[in-house]
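Biologist: I would like to learn how to read salt bridges and helix packing. Please take me through them step by step.

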Amino acid sequence: MEQIFAAIVQIQDRTAKPQHFYPASMSIYYIFSILITVAIIIAYLNYHLIKMQTTSAILVGSLLLSLVLLGLNKLGIPHFEVQIAQLTTRLHFHDLLINGMLSFLLFAGALTIDWQAFKSQRWEIFTIASLGTIASTFIVATLSYYILQLLQLPLPFKYCILFGALISPTDPIATLATVKNLRAPKKLEVIIAGESLFNDGVGIVIFITAYQFVFGGIQPSLHSITILFAQEALGGLAYGWILGWLGSYLIRSVGDHKLRILITIAIVTGGYTVAQLLEISGPLAMVVAGMFVGNACRTSKTNEASFETLANFWEIIDEILNALLFLLLGFEVLIIYNDAHQLLICLIGIPLVLLARSITIIAPMAFFRRIRKYPPNTVKILIWGGLRGGLAVALALALPQSHYRDLILNMTYAIVLFAILIQSTTLKSLVKRSLE
(Lines give C-alpha, C1' and ligand atoms only; values in the text may rest on other atoms or scores of the structure.)
Protein backbone atom coordinates (compact mmCIF):
# COMPACT_ATOMS: atom_id res chain seq x y z
CA MET A 1 0.00 0.00 0.00
CA GLU A 2 2.91 2.35 0.65
CA GLN A 3 3.92 2.21 -3.00
CA ILE A 4 0.39 3.03 -4.13
CA PHE A 5 0.09 6.05 -1.88
CA ALA A 6 3.62 7.14 -2.75
CA ALA A 7 2.56 7.22 -6.39
CA ILE A 8 -0.77 8.97 -5.90
CA VAL A 9 0.31 11.42 -3.20
CA GLN A 10 2.16 13.57 -5.76
CA ILE A 11 -0.41 16.34 -5.65
CA GLN A 12 0.44 19.12 -8.02
CA ASP A 13 0.81 22.67 -6.78
CA ARG A 14 -2.73 23.97 -6.70
CA THR A 15 -1.85 27.65 -6.72
CA ALA A 16 -0.03 29.21 -9.62
CA LYS A 17 0.33 32.67 -8.12
CA PRO A 18 3.91 33.72 -7.37
CA GLN A 19 3.38 35.53 -4.05
CA HIS A 20 4.79 33.84 -0.96
CA PHE A 21 3.50 34.35 2.54
CA TYR A 22 6.06 32.26 4.35
CA PRO A 23 9.82 32.78 4.25
CA ALA A 24 11.97 30.01 2.88
CA SER A 25 13.05 29.15 6.41
CA MET A 26 9.48 28.73 7.71
CA SER A 27 9.17 25.14 8.90
CA ILE A 28 6.15 22.88 9.18
CA TYR A 29 6.32 23.51 12.94
CA TYR A 30 5.48 27.18 12.46
CA ILE A 31 2.61 26.34 10.12
CA PHE A 32 1.16 23.89 12.62
CA SER A 33 1.59 26.41 15.41
CA ILE A 34 -0.39 29.02 13.50
CA LEU A 35 -3.15 26.61 12.49
CA ILE A 36 -3.58 25.06 15.94
CA THR A 37 -3.69 28.52 17.54
CA VAL A 38 -6.40 29.64 15.09
CA ALA A 39 -8.38 26.44 15.74
CA ILE A 40 -8.21 26.92 19.52
CA ILE A 41 -9.29 30.56 19.24
CA ILE A 42 -12.32 29.52 17.19
CA ALA A 43 -13.13 26.74 19.68
CA TYR A 44 -12.87 29.20 22.59
CA LEU A 45 -15.15 31.75 20.95
CA ASN A 46 -17.62 29.01 20.07
CA TYR A 47 -17.67 27.77 23.68
CA HIS A 48 -18.66 31.20 25.00
CA LEU A 49 -20.77 32.57 22.13
CA ILE A 50 -22.26 30.00 19.75
CA LYS A 51 -22.00 26.68 21.61
CA MET A 52 -21.96 24.50 18.50
CA GLN A 53 -20.24 21.14 18.41
CA THR A 54 -16.55 22.05 18.52
CA THR A 55 -15.43 20.39 15.29
CA SER A 56 -18.38 21.82 13.36
CA ALA A 57 -17.69 25.28 14.79
CA ILE A 58 -14.03 25.12 13.73
CA LEU A 59 -15.07 24.07 10.22
CA VAL A 60 -17.63 26.89 10.03
CA GLY A 61 -15.05 29.40 11.27
CA SER A 62 -12.39 28.40 8.76
CA LEU A 63 -14.97 28.17 5.98
CA LEU A 64 -16.28 31.67 6.70
CA LEU A 65 -12.72 32.99 6.77
CA SER A 66 -12.06 31.29 3.44
CA LEU A 67 -15.19 32.83 1.89
CA VAL A 68 -14.18 36.27 3.14
CA LEU A 69 -10.76 35.83 1.56
CA LEU A 70 -12.35 34.71 -1.70
CA GLY A 71 -14.55 37.80 -1.58
CA LEU A 72 -11.53 40.04 -1.08
CA ASN A 73 -9.89 38.31 -4.02
CA LYS A 74 -12.88 39.18 -6.21
CA LEU A 75 -12.50 42.80 -5.10
CA GLY A 76 -8.91 42.80 -6.29
CA ILE A 77 -7.24 42.10 -2.93
CA PRO A 78 -5.78 38.64 -3.53
CA HIS A 79 -2.83 38.75 -1.16
CA PHE A 80 -4.36 37.07 1.92
CA GLU A 81 -6.25 34.45 -0.10
CA VAL A 82 -2.98 33.45 -1.76
CA GLN A 83 -1.17 33.30 1.58
CA ILE A 84 -3.64 30.87 3.18
CA ALA A 85 -3.94 28.82 -0.01
CA GLN A 86 -0.16 28.42 -0.24
CA LEU A 87 0.08 27.53 3.43
CA THR A 88 -2.65 24.89 3.07
CA THR A 89 -1.11 23.51 -0.11
CA ARG A 90 2.29 23.15 1.53
CA LEU A 91 0.84 20.77 4.12
CA HIS A 92 -0.51 18.38 1.43
CA PHE A 93 -3.89 17.52 2.96
CA HIS A 94 -3.98 13.99 1.52
CA ASP A 95 -0.53 12.98 2.75
CA LEU A 96 -1.04 14.64 6.13
CA LEU A 97 -4.28 12.77 6.80
CA ILE A 98 -3.61 9.35 5.23
CA ASN A 99 0.02 8.94 6.29
CA GLY A 100 0.03 11.08 9.42
CA MET A 101 -3.14 11.81 11.35
CA LEU A 102 -5.38 8.89 10.41
CA SER A 103 -3.55 6.22 12.42
CA PHE A 104 -3.68 8.36 15.59
CA LEU A 105 -7.37 9.24 15.16
CA LEU A 106 -8.47 5.67 14.45
CA PHE A 107 -6.52 4.24 17.39
CA ALA A 108 -7.88 6.93 19.72
CA GLY A 109 -11.45 6.24 18.58
CA ALA A 110 -11.14 2.46 18.84
CA LEU A 111 -9.56 2.69 22.31
CA THR A 112 -12.90 3.72 23.82
CA ILE A 113 -15.04 1.00 22.19
CA ASP A 114 -16.42 -1.45 24.76
CA TRP A 115 -15.81 -4.97 23.42
CA GLN A 116 -18.87 -6.50 25.08
CA ALA A 117 -21.18 -3.86 23.65
CA PHE A 118 -19.46 -4.17 20.27
CA LYS A 119 -19.74 -7.96 20.33
CA SER A 120 -23.50 -7.79 20.89
CA GLN A 121 -23.88 -5.67 17.73
CA ARG A 122 -21.08 -7.21 15.66
CA TRP A 123 -23.29 -8.65 12.92
CA GLU A 124 -24.99 -5.32 12.24
CA ILE A 125 -21.65 -3.51 12.26
CA PHE A 126 -19.82 -5.91 9.96
CA THR A 127 -22.77 -6.24 7.57
CA ILE A 128 -23.18 -2.50 7.11
CA ALA A 129 -19.43 -1.80 7.14
CA SER A 130 -18.54 -4.46 4.55
CA LEU A 131 -21.48 -5.46 2.35
CA GLY A 132 -23.16 -2.08 2.83
CA THR A 133 -20.05 -0.16 1.80
CA ILE A 134 -19.47 -2.35 -1.26
CA ALA A 135 -23.14 -2.08 -2.32
CA SER A 136 -23.12 1.70 -1.79
CA THR A 137 -20.00 2.01 -3.96
CA PHE A 138 -21.78 0.47 -6.96
CA ILE A 139 -25.08 2.26 -6.32
CA VAL A 140 -23.35 5.65 -6.19
CA ALA A 141 -21.20 4.79 -9.22
CA THR A 142 -24.17 3.73 -11.35
CA LEU A 143 -26.42 6.64 -10.40
CA SER A 144 -23.70 9.26 -10.81
CA TYR A 145 -22.72 7.80 -14.21
CA TYR A 146 -26.20 8.22 -15.68
CA ILE A 147 -27.14 11.47 -13.90
CA LEU A 148 -23.95 13.24 -14.95
CA GLN A 149 -24.53 12.13 -18.52
CA LEU A 150 -27.98 13.75 -18.43
CA LEU A 151 -26.35 16.94 -17.13
CA GLN A 152 -23.85 16.85 -20.01
CA LEU A 153 -20.94 16.27 -17.66
CA PRO A 154 -20.08 12.69 -18.65
CA LEU A 155 -17.81 10.87 -16.22
CA PRO A 156 -16.24 7.55 -17.29
CA PHE A 157 -17.61 4.63 -15.29
CA LYS A 158 -14.17 3.79 -13.87
CA TYR A 159 -14.05 7.27 -12.30
CA CYS A 160 -17.60 6.78 -11.03
CA ILE A 161 -16.42 3.60 -9.27
CA LEU A 162 -13.60 5.54 -7.63
CA PHE A 163 -16.06 8.25 -6.57
CA GLY A 164 -18.40 5.62 -5.11
CA ALA A 165 -15.50 4.00 -3.26
CA LEU A 166 -14.25 7.18 -1.64
CA ILE A 167 -17.65 8.65 -0.72
CA SER A 168 -19.49 5.52 0.48
CA PRO A 169 -17.69 4.89 3.81
CA THR A 170 -18.84 6.99 6.74
CA ASP A 171 -15.96 9.01 8.13
CA PRO A 172 -14.88 7.85 11.62
CA ILE A 173 -13.33 11.20 12.46
CA ALA A 174 -16.48 13.22 11.79
CA THR A 175 -18.78 10.49 13.12
CA LEU A 176 -16.96 9.85 16.41
CA ALA A 177 -16.71 13.59 17.07
CA THR A 178 -20.50 13.76 16.76
CA VAL A 179 -21.32 10.53 18.60
CA LYS A 180 -19.52 11.79 21.73
CA ASN A 181 -22.24 14.43 22.20
CA LEU A 182 -25.29 12.40 21.14
CA ARG A 183 -26.19 10.69 24.44
CA ALA A 184 -27.88 8.05 22.32
CA PRO A 185 -28.85 4.59 23.60
CA LYS A 186 -25.72 2.45 24.03
CA LYS A 187 -26.80 -0.08 21.40
CA LEU A 188 -27.29 2.61 18.77
CA GLU A 189 -24.11 4.46 19.70
CA VAL A 190 -22.01 1.29 19.33
CA ILE A 191 -23.44 0.56 15.87
CA ILE A 192 -22.72 4.08 14.62
CA ALA A 193 -19.20 4.23 16.08
CA GLY A 194 -18.26 0.66 15.18
CA GLU A 195 -19.49 0.97 11.61
CA SER A 196 -17.59 4.20 11.02
CA LEU A 197 -14.36 2.69 12.33
CA PHE A 198 -14.51 -0.48 10.26
CA ASN A 199 -16.04 0.79 7.02
CA ASP A 200 -13.32 3.43 6.93
CA GLY A 201 -10.74 0.68 6.55
CA VAL A 202 -12.98 -1.25 4.15
CA GLY A 203 -13.55 1.88 2.06
CA ILE A 204 -9.82 2.58 1.73
CA VAL A 205 -9.25 -1.04 0.67
CA ILE A 206 -11.97 -0.73 -1.99
CA PHE A 207 -10.50 2.55 -3.19
CA ILE A 208 -6.98 1.12 -3.43
CA THR A 209 -8.30 -1.95 -5.26
CA ALA A 210 -10.22 0.19 -7.76
CA TYR A 211 -7.26 2.57 -8.16
CA GLN A 212 -4.91 -0.26 -9.07
CA PHE A 213 -7.26 -1.52 -11.75
CA VAL A 214 -7.98 1.94 -13.17
CA PHE A 215 -4.48 3.43 -13.12
CA GLY A 216 -2.15 0.54 -12.25
CA GLY A 217 -2.60 -1.42 -15.47
CA ILE A 218 -3.94 -4.49 -13.68
CA GLN A 219 -6.62 -6.40 -15.57
CA PRO A 220 -9.66 -6.84 -13.33
CA SER A 221 -10.84 -10.37 -12.61
CA LEU A 222 -12.70 -12.02 -9.77
CA HIS A 223 -9.53 -13.83 -8.70
CA SER A 224 -7.29 -10.76 -8.73
CA ILE A 225 -9.87 -8.62 -6.93
CA THR A 226 -10.39 -11.30 -4.27
CA ILE A 227 -6.66 -11.73 -3.69
CA LEU A 228 -5.99 -7.99 -3.45
CA PHE A 229 -8.98 -7.38 -1.19
CA ALA A 230 -8.09 -10.32 1.07
CA GLN A 231 -4.48 -9.18 1.35
CA GLU A 232 -5.48 -5.68 2.37
CA ALA A 233 -8.53 -6.36 4.56
CA LEU A 234 -7.87 -9.76 6.13
CA GLY A 235 -4.17 -9.00 6.44
CA GLY A 236 -4.96 -5.74 8.20
CA LEU A 237 -7.37 -7.40 10.64
CA ALA A 238 -4.95 -10.21 11.49
CA TYR A 239 -2.00 -7.86 11.85
CA GLY A 240 -4.04 -5.52 14.05
CA TRP A 241 -4.94 -8.42 16.36
CA ILE A 242 -1.27 -9.43 16.69
CA LEU A 243 -0.24 -5.82 17.26
CA GLY A 244 -2.96 -5.30 19.86
CA TRP A 245 -2.09 -8.50 21.72
CA LEU A 246 1.61 -7.66 21.79
CA GLY A 247 0.94 -4.06 22.83
CA SER A 248 -1.43 -5.00 25.65
CA TYR A 249 1.06 -7.59 26.93
CA LEU A 250 3.84 -4.98 27.04
CA ILE A 251 1.55 -2.44 28.71
CA ARG A 252 0.49 -4.83 31.46
CA SER A 253 4.09 -5.88 32.09
CA VAL A 254 5.19 -2.40 33.20
CA GLY A 255 4.05 -0.23 36.08
CA ASP A 256 4.98 3.19 34.71
CA HIS A 257 2.07 5.22 33.29
CA LYS A 258 4.33 7.24 31.02
CA LEU A 259 5.96 4.14 29.55
CA ARG A 260 2.54 2.64 28.85
CA ILE A 261 1.61 5.73 26.88
CA LEU A 262 4.88 5.53 24.96
CA ILE A 263 4.11 1.91 24.06
CA THR A 264 0.77 2.93 22.54
CA ILE A 265 2.51 5.67 20.54
CA ALA A 266 4.92 3.04 19.21
CA ILE A 267 1.96 0.85 18.22
CA VAL A 268 0.43 3.69 16.22
CA THR A 269 3.58 5.01 14.56
CA GLY A 270 5.67 1.88 14.08
CA GLY A 271 2.69 -0.43 13.64
CA TYR A 272 1.11 1.70 10.92
CA THR A 273 4.44 2.04 9.08
CA VAL A 274 5.00 -1.73 9.09
CA ALA A 275 1.45 -2.26 7.80
CA GLN A 276 2.24 -0.03 4.83
CA LEU A 277 5.47 -1.92 4.18
CA LEU A 278 3.54 -5.21 4.26
CA GLU A 279 0.92 -3.71 1.90
CA ILE A 280 -1.97 -4.48 4.23
CA SER A 281 -4.63 -2.15 5.58
CA GLY A 282 -3.07 0.11 8.22
CA PRO A 283 -6.44 1.72 9.12
CA LEU A 284 -8.06 -1.65 9.88
CA ALA A 285 -4.98 -2.68 11.86
CA MET A 286 -5.21 0.48 13.99
CA VAL A 287 -8.90 -0.09 14.71
CA VAL A 288 -8.37 -3.69 15.85
CA ALA A 289 -5.21 -2.83 17.83
CA GLY A 290 -6.97 0.09 19.54
CA MET A 291 -9.95 -2.05 20.55
CA PHE A 292 -7.67 -4.84 21.81
CA VAL A 293 -5.46 -2.53 23.88
CA GLY A 294 -8.38 -0.52 25.25
CA ASN A 295 -10.39 -3.51 26.41
CA ALA A 296 -7.36 -5.42 27.74
CA CYS A 297 -6.38 -2.44 29.90
CA ARG A 298 -9.96 -1.64 30.91
CA THR A 299 -10.77 -5.15 32.17
CA SER A 300 -7.59 -5.51 34.20
CA LYS A 301 -8.17 -4.34 37.79
CA THR A 302 -4.51 -3.58 38.32
CA ASN A 303 -4.57 -1.18 35.37
CA GLU A 304 -7.74 0.84 36.05
CA ALA A 305 -5.81 4.00 36.94
CA SER A 306 -3.42 3.37 34.08
CA PHE A 307 -6.26 3.10 31.58
CA GLU A 308 -7.77 6.37 32.77
CA THR A 309 -4.41 8.10 32.23
CA LEU A 310 -4.05 6.41 28.85
CA ALA A 311 -7.60 7.34 27.80
CA ASN A 312 -7.11 10.98 28.86
CA PHE A 313 -3.89 11.22 26.86
CA TRP A 314 -5.46 9.85 23.68
CA GLU A 315 -8.56 12.02 24.15
CA ILE A 316 -6.32 15.10 24.10
CA ILE A 317 -4.50 13.82 20.99
CA ASP A 318 -7.87 13.19 19.37
CA GLU A 319 -9.14 16.70 20.16
CA ILE A 320 -5.99 18.43 18.88
CA LEU A 321 -5.87 16.50 15.60
CA ASN A 322 -9.61 16.91 15.06
CA ALA A 323 -9.33 20.66 15.54
CA LEU A 324 -6.48 20.87 13.05
CA LEU A 325 -8.21 18.59 10.53
CA PHE A 326 -11.49 20.50 10.48
CA LEU A 327 -9.69 23.82 10.25
CA LEU A 328 -7.77 22.60 7.19
CA LEU A 329 -10.95 21.16 5.73
CA GLY A 330 -12.52 24.61 5.78
CA PHE A 331 -9.48 26.19 4.15
CA GLU A 332 -9.56 23.60 1.36
CA VAL A 333 -12.34 25.62 -0.31
CA LEU A 334 -9.66 28.12 -1.34
CA ILE A 335 -7.96 25.58 -3.58
CA ILE A 336 -10.73 23.15 -4.54
CA TYR A 337 -13.40 25.23 -6.28
CA ASN A 338 -11.59 26.35 -9.40
CA ASP A 339 -14.67 25.96 -11.61
CA ALA A 340 -17.54 27.95 -10.13
CA HIS A 341 -20.17 26.93 -12.72
CA GLN A 342 -19.93 23.30 -11.50
CA LEU A 343 -20.88 24.25 -7.96
CA LEU A 344 -24.64 23.76 -8.28
CA ILE A 345 -24.18 20.57 -10.28
CA CYS A 346 -21.95 19.22 -7.50
CA LEU A 347 -24.87 19.47 -5.10
CA ILE A 348 -26.56 16.52 -6.85
CA GLY A 349 -24.13 14.27 -5.03
CA ILE A 350 -25.86 15.00 -1.70
CA PRO A 351 -29.25 13.34 -2.39
CA LEU A 352 -27.48 10.66 -4.43
CA VAL A 353 -25.29 9.60 -1.49
CA LEU A 354 -28.21 9.83 0.96
CA LEU A 355 -30.26 7.56 -1.33
CA ALA A 356 -27.47 4.98 -1.48
CA ARG A 357 -27.05 5.21 2.29
CA SER A 358 -30.79 4.67 2.79
CA ILE A 359 -30.83 1.54 0.62
CA THR A 360 -27.80 -0.01 2.32
CA ILE A 361 -29.22 0.65 5.81
CA ILE A 362 -32.88 -0.21 5.27
CA ALA A 363 -32.18 -3.56 3.60
CA PRO A 364 -29.99 -5.18 6.31
CA MET A 365 -31.83 -3.57 9.22
CA ALA A 366 -35.14 -4.94 7.90
CA PHE A 367 -33.65 -8.39 8.46
CA PHE A 368 -32.08 -7.67 11.86
CA ARG A 369 -35.26 -6.05 13.17
CA ARG A 370 -37.03 -9.38 12.80
CA ILE A 371 -34.76 -10.98 15.38
CA ARG A 372 -33.74 -8.03 17.58
CA LYS A 373 -35.25 -4.94 19.13
CA TYR A 374 -33.82 -1.46 18.59
CA PRO A 375 -34.57 2.01 19.94
CA PRO A 376 -37.19 4.06 18.02
CA ASN A 377 -36.05 5.63 14.73
CA THR A 378 -32.84 3.58 14.66
CA VAL A 379 -32.92 3.31 10.87
CA LYS A 380 -33.45 7.06 10.40
CA ILE A 381 -30.61 7.86 12.80
CA LEU A 382 -28.24 5.42 11.07
CA ILE A 383 -29.06 6.94 7.67
CA TRP A 384 -28.70 10.55 8.80
CA GLY A 385 -25.68 9.70 10.97
CA GLY A 386 -23.68 8.41 8.01
CA LEU A 387 -21.31 11.38 7.94
CA ARG A 388 -18.63 11.94 5.34
CA GLY A 389 -15.54 13.93 6.26
CA GLY A 390 -11.92 14.75 5.57
CA LEU A 391 -11.00 11.20 4.57
CA ALA A 392 -13.20 11.37 1.46
CA VAL A 393 -11.58 14.68 0.46
CA ALA A 394 -8.11 13.22 1.02
CA LEU A 395 -8.86 10.23 -1.23
CA ALA A 396 -10.32 12.50 -3.93
CA LEU A 397 -7.13 14.56 -3.85
CA ALA A 398 -5.18 11.36 -4.53
CA LEU A 399 -6.66 11.03 -8.03
CA PRO A 400 -4.43 12.05 -10.96
CA GLN A 401 -4.85 15.64 -12.14
CA SER A 402 -7.62 15.90 -14.75
CA HIS A 403 -11.00 17.45 -15.46
CA TYR A 404 -12.60 14.32 -14.01
CA ARG A 405 -10.64 14.70 -10.80
CA ASP A 406 -11.86 18.28 -10.38
CA LEU A 407 -15.49 17.23 -10.81
CA ILE A 408 -15.14 14.38 -8.29
CA LEU A 409 -13.31 16.63 -5.83
CA ASN A 410 -15.97 19.35 -6.05
CA MET A 411 -18.80 16.85 -5.56
CA THR A 412 -16.98 15.24 -2.65
CA TYR A 413 -16.36 18.55 -0.92
CA ALA A 414 -20.02 19.58 -1.27
CA ILE A 415 -21.16 16.28 0.28
CA VAL A 416 -18.67 16.60 3.14
CA LEU A 417 -19.73 20.16 3.95
CA PHE A 418 -23.39 19.13 3.98
CA ALA A 419 -22.62 16.17 6.25
CA ILE A 420 -20.69 18.18 8.82
CA LEU A 421 -22.65 21.43 8.74
CA ILE A 422 -26.17 20.03 8.39
CA GLN A 423 -26.29 16.34 9.27
CA SER A 424 -24.00 16.43 12.31
CA THR A 425 -25.62 19.53 13.79
CA THR A 426 -29.18 18.15 13.43
CA LEU A 427 -28.43 14.54 14.41
CA LYS A 428 -28.59 15.25 18.14
CA SER A 429 -32.10 16.67 17.88
CA LEU A 430 -33.18 13.59 15.89
CA VAL A 431 -31.83 11.32 18.64
CA LYS A 432 -33.50 13.46 21.31
CA ARG A 433 -36.89 13.23 19.58
CA SER A 434 -36.46 9.47 19.34
CA LEU A 435 -36.05 9.21 23.11
CA GLU A 436 -39.10 11.30 23.96
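Modeller: Start with a definition: a salt bridge is a side-chain nitrogen of Lys or Arg within 4 Å of a carboxyl oxygen of Asp or Glu. This is a predicted model, in which local features need pLDDT of at least 70, side-chain atom pairs count only at pLDDT 80 or more, and totals for chains, interfaces and linings use all residues. Residues are numbered from 1 along each chain as its sequence is written, and side-chain values use heavy atoms, without hydrogens and water.

Biologist: How many salt bridges does the structure hold?

Modeller: Side chains of opposite charge can pair when their charged atoms come close. The structure holds four salt bridges. One of them joins Arg405 and Asp406, at 3.9 Å from N to O. Both residues are buried (under 20% relative accessible area; exposed is over 50%, partly exposed in between; 1.4 Å probe, protein chains only).

Biologist: What does Glu195 form a salt bridge with?

Modeller: Its partner is Arg357, with the closest N and O atoms 2.6 Å apart. Glu195 lies in helix α10 and Arg357 in helix α17, so the pair ties together parts 162 residues apart in sequence. Here a helix is a DSSP run of H or I, at least four residues, numbered from the N terminus. Glu195 is buried, at 2% relative accessible area. Arg357 is buried too, at 4%.

Biologist: And Glu124: which residue does its side chain meet?

Modeller: Glu124 meets Arg372 in a salt bridge of 2.9 Å, N to O. Glu124 is in helix α7 and Arg372 in the loop between α17 and α18, so parts 248 residues apart in sequence are tied together. Glu124 is buried, at 0%, whereas Arg372 is partly exposed, at 27%.

Key: Helix = DSSP H or I, 4+ residues; strand = E, 2+ residues; numbered from the N terminus.
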